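Have the model open while you read.

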Amino acid sequence: MFNRRKFITQSAVAGAAALLVPGEVWSAPFQEDHIQPLENNPIVISTWDFGIAANAAAWEVLRNNGRALDAVEKGVHVPEADVKNQSVGYGGLPDRDGKVTLDACIMDEFGNCGSVAALQHIMHPISVARKVMEKTPHVMLVGDGALQFALEQGFKRTNLLTAEAEKAWKEWLKKAEYKPVINIENKNFSPRKLPGNEYNHDTIGMLAMDAKGNLSGACTTSGMAYKMHGRVGDSPIIGAGLYVDNEIGGATSTGVGEEVIRNVGSFLVVELMRQGYPPEEACKEAVMRIIKKKPETAKEIQVGFLALNKKGQYGAYAIQKGFSFAVCNKESQDTLIKGKSYY
Ligand code: SD4
């Protein structure tokens, strides 16, 4: 029988490279491994190259002993407001009817969460999601109801469809074929690229652990470009696009949301970490579930998971090459890592 405590200790030393026996089942209660000590906090990690700039904003909160929840909210504001970023917030590519509809969710160390889906006209959906969490008895508001709530809360109505995004949509209308292209949703935005990453991409998912060792996460996106009006992806769905359990760790996802929802991806990653999987191996197992269920579909799409555990260890895994993630901690504030992938 695999000794789980030894495994955790090994993984603390060897990080994501620790050996995993797939399918190994442990029967002992696991919590004691995760209570303390905390070795690598504060830390913030986020998806894709644009995670570097987002992490920098989150780090300002974390390095001043701020709360992880505040850090992730501040952090993802950066891509949400970036007009050059065509897959998150302002400047995002619209749906097939030319409407920019945003999905976002946030989760704190107490298991509180808030979410908005198909929200239009608001620059920072993550902050509306936080208000849903803090000011309502609900978890999720959608569409017109989410907009009404945002306006009531004082958020400003903004036109999110930029001239560039409108032009791209009109070009798309000529053929009007919905076919997500792997890693190529965000052609215009590339502040810093890893070799081999032709374009930047997608949703920002961010996970942070603060100086007290508490975890929070945020996920925000304009979703798949040229989706049907009303389509909601994984990003605002707690357990799919994001999940945080303060005893264990957090996970977030990017890519074709339908496959993530079908497999309840982020919850799965956290539950695998609860069983002792290191973050990268947990992400890999979640990716493998998607591939095993639909191998033909999986060849054509990208899905990536990113995870952070309670010890501050992190890892990622994607179906396709090209998934990067950014890491920021005491040692380095702008590390960009090329995630491993199945193909
Ligand atoms: C979605 N997962 O709407 C999001 C967006 C994304 O590649 O990451 N697209 O499905």
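The points below go through the salt bridges and then the cysteines.

1. Ground rules. This is a predicted model, with local features needing pLDDT of at least 70 and side-chain atom pairs counting only at pLDDT 80 or more, while totals for chains, interfaces and linings use all residues. Residues are numbered from 1 along each chain as its sequence is written, and side-chain values use heavy atoms, with hydrogens and water left out.

2. The overall count. Searching the whole structure turns up 16 salt bridges (a side-chain nitrogen of Lys or Arg within 4 Å of a carboxyl oxygen of Asp or Glu). Three of them get a closer look here.

3. Arg130 and Glu73. These two side chains form a salt bridge at 2.8 Å, N to O. The pair links distant parts of the chain, 57 residues apart: Arg130 sits in helix H5 (residues 125-135) and Glu73 in helix H4 (residues 68-81). Helices here are DSSP runs (H or I, at least four residues), as are strands (E, at least two), numbered from the N terminus. Arg130 is buried at 11% relative accessibility, and Glu73 is buried too, at 14%. For the cut-offs, buried is under 20% relative accessible area, exposed is over 50%, and partly exposed is in between (1.4 Å probe, protein chains only).

4. Glu258 and Arg231. Another salt bridge, again 2.8 Å from N to O, joins these side chains. Glu258 belongs to helix H8 (residues 257-262), and Arg231 to the loop between strand S6 (215-221) and strand S7 (242-245), so the bridge ties together parts 27 residues apart in sequence. Glu258 is partly exposed at 26%, whereas Arg231 is buried at 12%.

5. Lys294 and Glu259. In this salt bridge the closest N and O atoms are 3.9 Å apart. Lys294 is in the loop between helix H10 (279-293) and helix H11 (295-300), and Glu259 is in helix H8, so parts 35 residues apart in sequence are tied together. Lys294 comes out partly exposed at 29%, Glu259 buried at 6%.

6. Cysteines. There are zero disulfides in the structure (a disulfide being a pair of cysteine sulfur atoms within 2.5 Å). For Cys113, which is in no disulfide, the nearest cysteine sulfur is that of Cys105, 7.7 Å away; Cys113 is buried at 15%. Cys219 is in no disulfide either, with the sulfur of Cys105 again the nearest, 5.4 Å away. Cys219 is buried at 0% relative accessibility.
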